[in-house]
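Subject: Structure handover and notes

Hello,

Here is the model I said I would pass on. My notes on what was found in it follow below.

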Amino acid sequence: MRILGIDPGYGTIGYGIIERERGNLRAIDYGVIQTPPNESLPVRLAMLDEALRKLIEAHKPDAVAVEELFFNTNITTGIKVAEARGVILLCAIRECGNLYEYTPLQVKQALTGMGRAEKKQVQFMVKALLGLKTEPKPDDAADALAVAVCHANTMQYNQREMN
């Protein structure tokens, strides 16, 4: 099973593609989609849609897993990220058809066993679970890989429960 994990944003969007075969996980590709800050938000959203569509077309994931939003204090930024997340959700369901969403707490729980784990703990587990030599950079890509691993682990658990 091939899974595309996404860490939403509108300036920098993390993505991570993993594959699960016979219980083993491996990273296929990861990185970020970036939109230029000098462009208007609608243009940036269109650029995000196009880049994500091409990513899905190139890697043909069986599922897309997207992290849900966590709002801090900057509501203006939060609204822009929410708009970008809407584009991400639409593109994912349109291009792949299998869309799953996870809260940051669920992602941390699935990777570390603790819903309140620190970012460094999550990054360490991404590296360990995917057999990477170094922790993935930038942080947005590492977060996206974590979302993909969360989905792989959640689906594996759900499949065992159904059998």
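In which helix is Asn153 found? Asn153 is in helix α5, residues 139–162; helices here (H or I, at least four residues) and strands (E, at least two) are DSSP runs, numbered from the N terminus.

Two remarks on the basis of these notes. This is a predicted model, in which local features need pLDDT of at least 70 and side-chain atom pairs count only at pLDDT 80 or more, while totals for chains, interfaces and linings use all residues. Residues are numbered from 1 along each chain as its sequence is written, and side-chain values use heavy atoms, with hydrogens and water left out.

Asn153

With a relative accessible area of 26%, Asn153 is partly exposed (buried is under 20% relative accessible area, exposed is over 50%, and partly exposed is in between, with a 1.4 Å probe and protein chains only). Leaving aside neighbours within four places in sequence, Asn153 is in contact with Leu25 and Ala110, where contact means heavy atoms within 4.5 Å. Asn153 and Val107 are 46 residues apart in sequence, and their C-alpha atoms are 9.9 Å apart in space.

Helix α1

Helix α1 runs over residues 41–59, and its end C-alpha atoms are 27 Å apart, which agrees with the 27 Å that 19 residues should span at 1.5 Å a residue (the expected span is 1.5 Å times one less than the number of residues). The buried residues of α1 are Leu41, Arg44, Leu45, Leu48, Leu52, Leu55, Ile56 and His59. They cover an arc of only 105 degrees around the axis, which puts them on the same side of α1; the arc is that of the directions from the helix axis to the C-beta atoms. As background, an α-helix has 3.6 residues a turn, so residues three or four places apart point the same way. On the other side of α1, Pro42 and Ala58 are exposed. The cover over the buried residues of α1 includes strands β1 (2–7), β2 (12–21), β3 (24–34) and β4 (63–67), and also α2 (75–95).

Helix α2 has 21 residues and reaches 30 Å from its first C-alpha to its last, close to the 30 Å expected at 1.5 Å a residue. Its buried residues are Gly78, Val81, Ala84, Arg85, Val87, Ile88, Leu89, Cys91 and Ala92. Among the elements that cover them are β1, β2, α1, β4 and β5.

The axes of α1 and α2 are 10 Å apart, and the two helices pack at an angle of about 30 degrees. That makes α1 roughly parallel to α2. Axes are lines fitted to C-alpha atoms, for helices over the stretch in contact, and angles run from 0 to 180 degrees between N-to-C directions. Angles under 35 degrees count as roughly parallel, over 145 as roughly antiparallel, 65 to 115 as roughly perpendicular and the rest as oblique. Residues making the contact include Leu45, Leu48 and Leu52 of α1 and Ala84, Val87 and Ile88 of α2.

Helices α3 and α4

Helix α3 (residues 104–112) and helix α4 (residues 119–130) have axes that come within 9 Å and cross at roughly 50 degrees. That makes α3 oblique to α4. The contact is made by Lys108, Leu111 and Thr112 of α3 with Gln121, Val122, Met125, Val126 and Leu129 of α4. Here α3 passes α4 in a left-handed crossing.

Loops

Lys60 follows α1 and is placed in the loop between α1 and β4. Its phi is near 50 degrees, a positive value in a residue other than glycine, and at 58% relative accessibility Lys60 counts as exposed. Cys96 and Lys60 are 36 residues apart in sequence and 7.6 Å apart in space, C-alpha to C-alpha.

Cys96 lies in the loop between α2 and β5 (99–102) and is buried, with a relative accessible area of 19%. Not counting residues up to four places away in sequence, Cys96 touches Pro61, Asp62, Ala63, Val64 and Cys91. Just after α2, Gly97 has a positive phi of about 95 degrees.

Arg22, in the loop between β2 and β3, also has a positive phi, near 50 degrees. Arg22 counts as exposed at 82% relative accessibility.

Lastly, a cis peptide bond joins Lys137 and Pro138, with omega about -5 degrees. Pro138 is in the loop between α4 and α5.

Regards

Definitions and conventions
Left-handed = near helix turned anticlockwise from the far one by under 90°.
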